[in-house]
Amino acid sequence: QVQLQESGPGLVKSSQTLSLTCTVTGDSITTIYNYWSWIRQPPGKGLEWIGYIGFSGSTYDSPSLKSRTSISRDTSKNQFTLQLSSVTPEDTAVYYCAKSGGYADPFNYWGRGTLVTVSS
């Protein structure tokens, strides 16, 4: 059973960097064709895909957030990490990590999500 668990601070100040970690169990983040994404949902709004890191370590970020986004991984811990810089209150959202079996495939496993609030 694949499980994903987000972790990180629930409160970040404006202009700082938001850092979240997703710990994966039941699968390896290096298994071929696995893609590991970050997605967020601001209060009262829809889901927004942030970016992914693939099985090879390659990354791809949403153009709208690319300048502020960095996704990395620690294969020894089977974790991948999101860093979002220069945050504002508009970055307040529930942040999810998720897995897909291909870069364009639907997400088949999700974490429960973690609320990050950016204070002004």
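**Arginine 40 and its surroundings**

Guide: Leaving aside neighbours within four places in sequence, arginine 40 is in contact (heavy atoms within 4.5 Å) with Gly46, Leu47, Glu48, Ile50, Leu65, Leu84, Asp91, Ala93, Val94 and Tyr95. This is a predicted model, in which local features need pLDDT of at least 70 and side-chain atom pairs count only at pLDDT 80 or more, while totals for chains, interfaces and linings use all residues. Residues are numbered from 1 along each chain as its sequence is written, and side-chain values use heavy atoms, with hydrogens and water left out.

One of those partners, aspartate 91, also makes a polar contact through its side chain with the side chain of arginine 40, at 2.8 Å; such a contact is a pair of N or O atoms within 3.5 Å, and within protein one must be able to donate a hydrogen and the other to accept it, while residues adjacent in sequence count only if both atoms are side-chain atoms. Arginine 40 counts as buried because its relative accessibility is 5%, where buried means under 20% relative accessible area, exposed over 50% and partly exposed in between, with a 1.4 Å probe and protein chains only.

Arginine 40 sits in strand E4, which covers residues 35-41, and the protein chain holds 11 strands and zero helices. Across the protein chain, buried residues make up 41% of the 120 residues. Of the contacts in the protein chain with a separation of 6 or more, 54% join residues 24 or more positions apart. The C-alpha trace of the protein chain spans about 40 × 30 × 25 Å along its principal axes.

How values were computed. Helix = DSSP H or I, 4+ residues; strand = E, 2+ residues; numbered from the N terminus.
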